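Dear colleague,

Please find below the structure that I am handing over to you. A short account of the findings follows it.

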Amino acid sequence: MITISSGPVDTHVREWWGEPGGEAELVDPRVASWIISVGDRPFGFIQDYTVHGWEDHHFAALPKGSRGIDQYIGDPEMVGIGHGSAFIGMRMQALFNEGAPIIATDPHPDNKRAIAVYEKLGFEPSGPPQNTEWGLILPMLASAGLCCMAHVR
């Protein structure tokens, strides 16, 4: 069974995330972060954040209460076997249950594996790729009616 537990982030995926940030990023009140594990084997990371917490954020026009999500699987042995869809879908469902009207994500347009997972979970592109202060992104949105585990096959 996959569990989501609180803890510091100590792994990264440089290809899409770049260099890891400092401790300030881990205690940012706008962001909720978790280490993902199967049993006691940590293998991934997920965070969600208020899209209205930064000036000129590319998702700032979304309704109040909308959340953004980011995640990765740091252990290459855990990639491609359904864990990403499962833990992302679990977090999405929790956010919708807590009242988020929209969940946004912003993968790099070349990250085809991530985009395929997001589409499977009900995300749809909401515009063309764009440059942001966080890099080149493909904006994608999901709403509660199209969410999550029902899309996982």
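Of the 153 residues of the protein, 42% count as buried, meaning under 20% relative accessible area, with exposed being over 50% and partly exposed in between (1.4 Å probe, protein chains only). This is a predicted model, in which local features need pLDDT of at least 70 and side-chain atom pairs count only at pLDDT 80 or more, while totals for chains, interfaces and linings use all residues. Residues are numbered from 1 along each chain as its sequence is written, and side-chain values use heavy atoms, with hydrogens and water left out.

The secondary structure comprises four helices and nine strands, these being DSSP runs numbered from the N terminus (helices: H or I, at least four residues; strands: E, at least two). From the N terminus on, the order is β-α-α-β-β-β-α-β-α-β-β-β-β.

Aromatic rings of Phe, Tyr and Trp (its six-membered ring) pair if their centres lie within 6.5 Å; planes under 30 degrees apart count as stacked, over 60 as edge-to-face and the rest as tilted. The count by this rule is five aromatic pairs. In one of them, the ring centres of Phe45 and Tyr72 are 5.4 Å apart and the planes stand at 35°, so this pair is tilted. Phe45 lies in strand S3 (residues 41–50) and Tyr72 in strand S4 (residues 67–73), 27 residues apart, and the pair thus links distant parts of the chain. Phe45 is buried at 2% relative accessibility, and Tyr72 is buried at 6%.

Tyr49 and Trp54 form an edge-to-face pair, with 5.6 Å centre to centre and 85° between the planes. Tyr49 is buried at 4% relative accessibility, whereas Trp54 is partly exposed at 21%. Ring pairs also join Tyr49, Trp54 and Trp134 into a cluster.

With kind regards
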